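Subject: Handing over the structure

Hello,

Here is the structure I promised to pass on to you. Please have a look at it first, and then read my notes below.

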Amino acid sequence: MIDELAKDNLHGRLRQDRQALLWKLDGLSEYDARRPLTATGTNLLGLVKHVATVEARYFGEVFGRPSPEPLPRWQDSDGSDQWATEHETRDQIIGFYRRTWEHSDATISELPIDAPGRVPWWREPYADTNLFLIMVHVLGESIRHAGHADILREGLDGRTGLRAEHEKPIDEEARAAYRAKIEHAARSAASIKPLDLVSAGVQRVWARLNSSVGQG
């Protein structure tokens with residue numbers, strides 16, 4: 001009984017985070033969904049493509065149930081699953097992710113939680129594993145990248161949250177006040193002058209410079 005409880009809870013959380021990740025694309029332009037948003041090129045549509053590929057592999061070939069989706073060999077992994085080419089549409093990548101859910105869900109539903117599997121890209125002695133450990137692993141990957149997506153989306157337009165139905169209107173004034181409080185605490189801990197004093201100091205320097213120019 002505890003096995004089924006564990007499986008149901010892990011599966012439920014995986015479903016929740018799949019939806020959260022997809023929601024981060026909601027309402028974005030084609031450019032914003034695809035463009036690199038960090039120095040290492042992390043991008044929102046690429047995160048979806050990557051997590052879809054991860055699921056397809058771990059709930060597919062690991063248990064002898066290869067994904068029906070065309071996947072490159074894991075030995076040929078070159079990072080191309082982390083971004084979308086100009087020839088790949090958003091709908092194609094989202095469709096790939098949703099179809100992968102169906103295949104993954106079938107694997108999870110049909111196999112017992114201790115079903116054996118083998119991950120050929122893991123080093124020994126960890127390559128031999130089971131469904132429970134793979135569910136934990138894939139859930140960890142999904143949560144991690146959903147978190148990345150949350151931060152990237154906030155940087156684009158300020159939208160945050162786990163689900164659309166819980167989204168609240170953005171209160172810019174409240175956000176600014178909260179950020180200022182944290183900034184003040186950080187500066188105090190690091191013995192840095194408060195931001196308003198720094199700004200005032202800069203203004204005084206500019207005033208002196210302008211005065212000097214005027215006198216010259």
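Where in the fold is the place of Leu152? Leu152 sits in helix α5, residues 131-157; helices here are DSSP runs of H or I with at least four residues, strands are runs of E with at least two, and both are numbered from the N terminus.

A word on the source before going on. The model is predicted, so local features need pLDDT of at least 70 and side-chain atom pairs count only at pLDDT 80 or more, while totals for chains, interfaces and linings use all residues. Residues are numbered from 1 along each chain as its sequence is written, and side-chain values use heavy atoms, with hydrogens and water left out.

Back to Leu152: its relative accessibility is 10%, so it counts as buried (buried is under 20% relative accessible area, exposed over 50%, partly exposed in between, with a 1.4 Å probe and protein chains only). Leaving aside neighbours within four places in sequence, Leu152 is in contact with residues including Leu37, Leu44 and Leu47, where contact means heavy atoms within 4.5 Å. Leu44 lies 108 residues from Leu152 in sequence, yet their C-alpha atoms are 7.3 Å apart.

Leu44 also turns up in the largest nonpolar core, which has 21 residues; Leu44 is one of those touching the most other members, along with Leu21, Leu22, Leu25, Val48 and Tyr97. (A nonpolar core is a set of buried Ala, Val, Leu, Ile, Met, Phe, Trp, Tyr and Cys residues joined through side-chain atoms within 4.5 Å.) Two or more residues each come from α1 (2-23), α3 (44-58), α4 (90-110) and α5, and α3 gives the largest share, seven residues. Apart from this core lies another, of 16 residues, with Tyr58 and Met135 among them.

Together with Trp121 and Trp122, Tyr58 forms one aromatic cluster. Rings of Phe, Tyr and Trp (its six-membered ring) pair if their centres lie within 6.5 Å; planes under 30 degrees apart are stacked, over 60 edge-to-face and the rest tilted. The count comes to three aromatic pairs. Tyr58 and Trp121 have ring centres 5.3 Å apart and planes at 80°, so this pair is edge-to-face. Tyr58 is in helix α3 and Trp121 in the loop between β1 (116-118) and β2 (128-130), 63 residues apart. Tyr58 is buried at 8% relative accessibility, whereas Trp121 is partly exposed at 23%. The pair of Tyr58 and Trp122 is tilted, at 5.9 Å centre to centre and 50° between the planes.

Best wishes
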